Amino acid sequence: MKIVVLGGDGFCGWPASLHLSDLGHDVIIVDNLSRRRIDEELGASSLTPIRSIEERVEAWREVSGHQLRFVELDVAQDYDGLVALLAAERPDSLVHFAEQRAAPYSMKSPGHKRYTVDNNTNATHNVLCALVDAGLDTHVVHLGTMGVYGYGTAGMKIPEGYLDVEVRLDEPAEGTVSQQMLYPTNPGSIYHLTKCLDQQLFAYYAKNDALRITDLHQGIIWGTHTDQTLRDERLVNRFDYDGDYGTVLNRFLMQAAVGYPLTVHGTGGQTRAFIHIRDMVRCVQIALENPPSRGDRVKIFNQMTQTHRVRDLAELVARISGATVELVPNPRHEAAENDLHVRNDTFLDLGLEPTLLEEGLLVEVEDVARRYADRVDLDKIPCTSVWTKEQQPGVPVSRTPAGQKTA
């Protein structure tokens, strides 16, 4: 296939682009390089040293013999450029990673909230509108989030996108009508809200214009290497550890590597869905190989392999590393404890063999963190973006400046 990967320079987009290229697909990376500029804004670069996109592309050509193409384009702002690119390339598939992906960053300030909505919603709508404008039957695979469902269940496993409901008719004698609807959304941040808006855009364009769309509701990624990123130091993937962009398990492993207390927000009773980065790229491949038919509703997969409670993960990392665990204020406005039960049958039925949490893989990630420990800025580790004025930054007591409240 010819595949356009929007956001192909990012944490998920880069390893996915390499994986698809390695399979022999013609991959075009489209990115505005905004994630690199956000690094500069936050003063918190990736733990692993990231080469320029030009160096990355050239390194991949050298080690694999495959040619990645790169186009610098702002999908959210340059609609005409996007239409021209799609009309010229006429891709078979388009993988959409081109959204600001961090919940804490989206809650940082009114400006960050507005940027996240403007960027994410415009990017998604521009893609859909441009495909119709260009008259293309391109399969869209979008990286969404499990967070559209909220973090909790009604005593049942969360289905893959659609909920079976029985609607009572006005007259009791008339009985009920069976329907399916999108599972009710319950976003926990502005970032998650944009993914809920994406769902509605997808449903409309699938219905109105018969676009073929797959929406991947993904869990939290852990791990850092894929088979492709291991081939050359210049291909290394991002390892975000800061309080805005670092994912929880990777952050714990990095904190253990540098002797920083594992920062568990609140009680640590939050249950989250997880997926290893190697499974993420494989899931994108499976979704591309199993597109919906024209006229079908949006195909929704729950892209996760396991659920874990945060404090259990902290205790596991502490046990294998000797790190200490510290409960800190929870910057998020959320329930202190939740259960999470999720269906993920589709990917398993299509051949995914999940990479499950095991100590060897945890040690592998910790070893990466230890290797680059000299690049850590300890002041960037705590999450200081708060959801409302009632919350407080998640700063360990041992790291709190004198006089600052911590609880």
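Trainee: Let's start with two helices: is the crossing in which helix 4 passes helix 6 left-handed or right-handed?

Mentor: Helix 4 passes helix 6 in a right-handed crossing. A crossing has that name if the near helix is turned clockwise from the far one by less than a right angle, and is left-handed if anticlockwise. Before we go on, please keep in mind that this is a predicted model, where local features need pLDDT of at least 70 and side-chain atom pairs count only at pLDDT 80 or more, while totals for chains, interfaces and linings use all residues. Residues are numbered from 1 along each chain as its sequence is written, and side-chain values use heavy atoms, with hydrogens and water left out.

Trainee: Why are helix 4 and helix 6 called oblique to each other?

Mentor: The axes of helix 4 (residues 79-89) and helix 6 come within 9 Å and cross at roughly 50°. Axes are lines fitted to C-alpha atoms, for helices over the stretch in contact, and angles run from 0 to 180 degrees between N-to-C directions. Under 35 degrees counts as roughly parallel, over 145 as roughly antiparallel, 65 to 115 as roughly perpendicular, and the rest as oblique. Helix 4 and helix 6 are therefore oblique.

Trainee: Which residues of helix 4 and helix 6 meet?

Mentor: Tyr79, Leu82, Val83, Leu86 and Ala87 in helix 4 meet residues of helix 6, among them Asn126, Val127, Ala130 and Leu131. Contact here means heavy atoms within 4.5 Å.

Trainee: How do you know how helix 6 is oriented to helix 7?

Mentor: The axes of helix 6 (residues 110-134) and helix 7 (residues 190-209) come within 9 Å and cross at roughly 15°. That makes the two helices roughly parallel. The contact includes Thr121, His125 and Leu128 of helix 6, and Thr194, Leu201 and Tyr205 of helix 7. This crossing, too, is right-handed.

Trainee: Let's turn to helix 3. How do you know whether its length agrees with what a helix should span?

Mentor: The expected span is 1.5 Å times one less than the number of residues. For the twelve residues of helix 3 (residues 53-64) that gives 16 Å, and its end C-alpha atoms are 16 Å apart, which agrees.

Trainee: Which residues of helix 3 are buried, and where do they fall around the axis?

Mentor: They are Ile53, Arg56, Val57, Ala59, Trp60 and Ser64. Taking directions from the helix axis to the C-beta atoms, they fall within an arc of 160°, so they line one face of helix 3. These residues pack against helix 1 (13-22), helix 2 (34-42) and strand 3 (69-72). Just after helix 3, glycine 65 takes a positive phi of about 80°.

Trainee: What makes a residue buried, and where does glutamine 303 stand?

Mentor: Buried means under 20% relative accessible area, exposed over 50%, and partly exposed in between (1.4 Å probe, protein chains only). Glutamine 303 has 0%, so it is buried. Glutamine 303 is in strand 12 (residues 299-303). Leaving aside neighbours within four places in sequence, its contacts include Leu143, His217, Met280 and Phe347.

Trainee: What is lysine 108 called, then?

Mentor: Lysine 108 has a relative accessible area of 30%, so it is partly exposed. It lies in the loop between helix 5 (103-106) and helix 6. Not counting residues up to four places away in sequence, lysine 108 touches Leu42, Asp244, Thr384 and Ser385.

Trainee: What makes the phi of leucine 33 worth a remark?

Mentor: Most residues other than glycine have a negative phi. Leucine 33 has a positive phi of about 60° although it is not a glycine. It sits in the loop between strand 2 (26-31) and helix 2, and at 14% relative accessibility leucine 33 counts as buried. Alanine 210 also has a positive phi, near 60°. Its place is the loop between helix 7 and strand 8 (213-218), and its relative accessible area of 16% makes alanine 210 buried.

Terms used. Helices (H or I, at least four residues) and strands (E, at least two) are DSSP runs, numbered from the N terminus.
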